[in-house]
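User: I would like to go through this model term by term. Show it, and then I will ask what backs each label.

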Amino acid sequence: MHLAGVAQQALLDQEAHRLYGLLGSVSRQDGTKWTAEQCWQAAPLVLRINQLKKEKNAVILAHSYTTPDLVYGVADFSGDSYALSRKAAETSADTIIFAGVWFMAETAKILNPSKRVIIPAGRAGCTLADAITQEEVCALKAGHPGVPVLCYVNSTADVKAVSDICVTSGNVFDIAAKLPQKELIFVPDLLMARNLEIELQRRGTPKKVIAAGGSCCVHDKYKPENVAALRRQYPGIKVLVHPECHPEVCAAADYVGSTQGMTEYVAKSDGKLFGLLTEQGLVNRLEAEYKDKKFVGPFGICSYMKLNTLTNTMKALLNPSPDQVVELAPDVIERARKSLENMFEMSR
Ligand code: SF4
């Protein structure tokens, strides 16, 4: 074999071994684990994407709900919406490749109007973000003058632009509790709105939460019986859920929190067995990073997040199609940015 070919082969070997070291303990959607062969198949694309990233001064941000080959192969940062929006705000790269869904890529653009923001999956939707329009929020505001509007980060740029403060699942309770008003409007997650009202009551800062929108198609499927079944099958198990779940599910769990919050809970816990009623991508990250702990479901799958692949990430770097490039009107960017800045300010 030619010398350059030998060196390239060595690089591929090294990358495939690195991937398998991380992914060998990680479950795929069909319940099997990543095999050495699958890591071998991914390695050439992973190397090529990482090389292109350097050539184009690009950064790749990948939501934890995308697939582990993206998260551990090519992402510079991965995490939940809030962590990634902070990273997007800090980056000095010329191009941001945002492996996630459309509203997240919009958020990166709002925070970096002068940069090129590209989403491998194109216009990947979200049942929450797509549940309410700007016009519906404006109508709600008109019906409740003076009531502050909190929008969950899982909302479109247009909705953020007419909201007062953006919030995430990690900071919604603290920010809502700090507001002086006794009423607030919360969009677009009806279940989180109910959880918010309950939590504000529990903290001794009760407020009326006026809600509109829909629900997350992954988290709204869970029932209290899922928690009960886990406790029956695994006595002593710790059950973790997301605040996008029904309040009855949250009430039955040991911990309710954001993707980041769940990760921190697992990291700090001496426990070895956890029931996770959330998206499988987070479970994959925990399987890769806490190999001495075991995670059981039922896990959900966000089909929108899984539209991001190594192949369309490479296309996004090489020759993005118009539906992969995020463009927003300057006035939408300006107004939506204010709601994000209010969140950063109130989370300090
Ligand atoms: S998991 Fe739910 S909230 Fe998150 S992107 Fe998918 S549909 Fe939207």
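**Labels and the values behind them**

User: What kind of model is this, and how are residues numbered?

Analyst: This is a predicted model; local features need pLDDT of at least 70, side-chain atom pairs count only at pLDDT 80 or more, and totals for chains, interfaces and linings use all residues. Residues are numbered from 1 along each chain as its sequence is written.

User: How many helices and strands are there in the protein chain?

Analyst: The protein chain has 15 helices and twelve strands. Both are DSSP runs, numbered from the N terminus: helices are H or I with at least four residues, strands are E with at least two.

User: What does the radius of gyration say about the protein chain?

Analyst: The radius of gyration is taken over C-alpha atoms, and the globule rule is 2.2 Å times the number of residues to the power 0.38. For 348 residues a compact globule would come out near 20 Å; the protein chain has 21 Å, so the two agree. Its C-alpha trace spans about 75 × 55 × 30 Å along the principal axes.

User: Which share of contacts joins residues at least 24 apart?

Analyst: A contact means two C-beta atoms, placed from the backbone, within 7 Å. Among contacts between residues at least 6 apart in sequence, 68% join residues at least 24 apart.

User: Why is strand β3 called mostly covered?

Analyst: A residue is buried if 20 or more other C-beta atoms lie within 10 Å of its own, exposed if 12 or fewer, and partly exposed in between; the C-beta atoms are placed from the backbone. In β3 (residues 95–99), four of the five residues are buried, hence the label. Across the protein chain, 47% of the 348 residues count as buried.

User: Which residues of helix α4 are buried, and what covers them?

Analyst: In α4 (residues 81–90), the buried residues are Ser-81, Tyr-82, Ala-83, Leu-84, Ser-85 and Ala-88. Their cover includes β1, β2 (77–79), β3, α5, α12 (259–268) and α15 (330–347).

User: What makes β1 and β3 a pair?

Analyst: Two strands pair if DSSP finds at least two bridges between them. Five bridges link β1 (residues 58–63) to β3, in the parallel sense, so they pair. Ala-62 stands opposite Ala-99 in β3. On to β4 (residues 116–118): three bridges join β3 to this strand, again parallel. There, Ile-97 stands opposite Ile-118.

User: What hand does the crossover from β3 to β4 have?

Analyst: The chain goes from β3 through helix α5 (residues 102–111) to β4, and this β-α-β crossover is right-handed. With the strands pointing away from the viewer, that term means a clockwise path from the first strand over the helix to the second. Another right-handed β-α-β unit consists of β9, helix α11 (residues 247–252) and β10.

User: Which residues come nearest the ligand?

Analyst: Near means a C-beta atom, placed from the backbone, within 6 Å. Of the 13 residues around the ligand, Cys-126, Leu-128, Cys-216, Val-218 and Cys-302 come nearest.
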